[in-house]
Amino acid sequence: MAGRVRSATEHAGAHFLRDRSVAAELVRHAAIRPGELVLDLGAGGGAVTAPLAATGARVLAVERDKRLGRYLERRFEGTGVRVIRADLRTVPLPRRPYRVVASIPFATTTLLLRRLLDDPRGALAGADLLVEWGVARGLTAATPRDLATAWWAARFELRLRRRVPAACFTPPPKVDAAHLQVRPRALAGGGAGQRVLRAMLREAFARPGQPLRSVAAGTFAGAGLSHRHLVRVLATTGLDPAAPATSPTGAQWHDLAVELAAANRATGPGRAASRRVGRSGAVELGDGRQRRRADG
């Protein structure tokens with residue numbers, strides 16, 4: 001099958017996993033339960049699809065190449081695998097909770113991560129991905145490097161589990177791969193926390209030289225939180241108010257958003273919990289009933 005895989009999709013620059021032990025370990029660490037909905041994006045010849053099928057999960061194997069799609073349909077006929085002939089860059093993602101376990105084409109890594117991790121209303125329940133080594137190292141660095149990475153790292157725990165040698169793929173890529181594990185943090189389901197987090201990150205990365213206390217103050221301008229209160233919240237999360245704006249880790253951004261969202265709710269008795277992020281990036285409080293009427 002390796003030769004047919006290579007000739008069928010050579011135009012895509014794909015590198016197909018050929019080491020069964022790597023595929024088995026990827027699925028084992030994903031801890032998939034029977035009946036779960038799991039996507040294998042860029043299924044290729046089914047190296048990851050096969051161990052996924054053995055878990056008893058509902059597996060959607062997404063593959064855009066017609067020849068590979070037909071091969072997958074024959075290979076997994078009569079199993080719990082459904083083959084979707086579509087491009088992983090555009091295939092609609094499920095609205096119900098789902099997992100992703102896949103060895104994805106290196107060229108699509110950033111685009112796919114945006115699809116999976118950007119949307120605060122997304123239903124991703126976890127992912128175990130084989131991605132380019134350098135990408136995984138950047139995403140799992142202690143301090144997020146940019147706004148997008150900080151947004152992802154605050155809402156998801158990003159962990160580099162292992163390095164996967166290039167020799168495990170055919171044709172072998174020029175660089176090694178890595179097993180990137182993605183698990184949602186509790187904040188991912190909280191609307192108020194999400195809005196606070198997004199506003200803080202925009203403020204921090206717009207002016208990275210400012211101190212954290214200025215980020216908090218700028219985010220909550222006009223929301224009724226005193227400077228002293230904001231500094232105290234920063235201290236309770238283990239952050240130095242004078243530290244640079246972009247210095248927190250993903251976990252610290254998460255914790256700070258949770259604490260500030262709670263503090264925001266506590267400062268306005270009689271006000272509804274609904275909020276919006278203004279054009280300036282600051283969180284603004286509003287009357288819930290008036291807002292519902294305005295929204296229709």
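**Thr237 and its surroundings**

Modeller: Leaving aside neighbours within four places in sequence, Thr237 is in contact with Asp255, Leu256 and Glu259. Please note that this is a predicted model.

Biologist: What makes these residues contacts of Thr237?

Modeller: Contact means heavy atoms within 4.5 Å. Asp255, Leu256 and Glu259 are in contact with Thr237, so each has a heavy atom within 4.5 Å of one in Thr237.

Biologist: Where in the chain does Thr237 lie, and why is Thr237 called buried?

Modeller: Thr237 is in the loop between helix H10 (227-236) and helix H11 (250-266). Buried means under 20% relative accessible area. Thr237 has 16% relative accessibility, and therefore counts as buried.

Biologist: Which backbone oxygen lies 2.8 Å from a polar atom of the side chain of Thr237, and what makes this a polar contact?

Modeller: The backbone oxygen is that of Leu234. A polar contact needs a pair of N or O atoms within 3.5 Å, one able to donate a hydrogen and the other to accept it. The distance here, 2.8 Å, is within that limit.

**Salt bridges**

Biologist: How many salt bridges does the structure hold?

Modeller: The structure holds 11 salt bridges. Arg33, Glu36 and Arg99 are linked in a network of them.

Biologist: How do you know that Glu25 forms a salt bridge with Arg162?

Modeller: The cut-off is 4 Å between a side-chain nitrogen of Lys or Arg and a carboxyl oxygen of Asp or Glu. In the pair Glu25 and Arg162, the closest N and O atoms are 2.6 Å apart, so the term applies. This pair links distant parts of the chain: Glu25 is in helix H2 (residues 20-30) and Arg162 in strand E7 (residues 156-164), 137 residues apart. Arg162 is partly exposed, with a relative accessible area of 27%.

Biologist: Why is the pair of Asp87 and Arg64 also called a salt bridge?

Modeller: The closest N and O atoms of Asp87 and Arg64 are 3.5 Å apart, and the limit is 4 Å, so the pair qualifies. Asp87 lies in the loop between strand E4 (81-84) and strand E5 (98-103), and Arg64 in the loop between strand E3 (58-62) and helix H4 (66-75), so the pair ties together parts that are 23 residues apart in sequence.

Biologist: Are Asp87 and Arg64 buried or partly exposed?

Modeller: Asp87 has 17% relative accessibility and therefore counts as buried. Arg64, with a relative accessible area of 41%, is partly exposed, because that term covers values between 20% and 50%.

Biologist: What makes Arg85 and Glu73 a salt bridge?

Modeller: Their side chains meet at 2.6 Å, N to O, which is within the 4 Å limit. Arg85 lies in the loop between E4 and E5 and Glu73 in helix H4, so the pair ties together parts that are 12 residues apart in sequence. Arg85 is partly exposed, with a relative accessible area of 41%, and Glu73 is partly exposed at 35%.

**The nonpolar cores**

Biologist: Which residues have the most contacts inside the largest nonpolar core?

Modeller: They are Leu41, Val100, Leu124, Trp253 and Leu260, in a core of 55 residues. Apart from this core lies another, of 26 residues, among them Leu26, Ile32, Val81 and Val83.

Definitions and conventions: Residues are numbered from 1 along each chain as its sequence is written. This is a predicted model: local features need pLDDT of at least 70, side-chain atom pairs count only at pLDDT 80 or more; totals for chains, interfaces and linings use all residues. Side-chain values use heavy atoms; hydrogens and water are left out. A nonpolar core is a set of buried Ala, Val, Leu, Ile, Met, Phe, Trp, Tyr and Cys residues joined through side-chain atoms within 4.5 Å. Buried means under 20% relative accessible area, exposed over 50%, partly exposed in between (1.4 Å probe, protein chains only). Helices (H or I, at least four residues) and strands (E, at least two) are DSSP runs, numbered from the N terminus.
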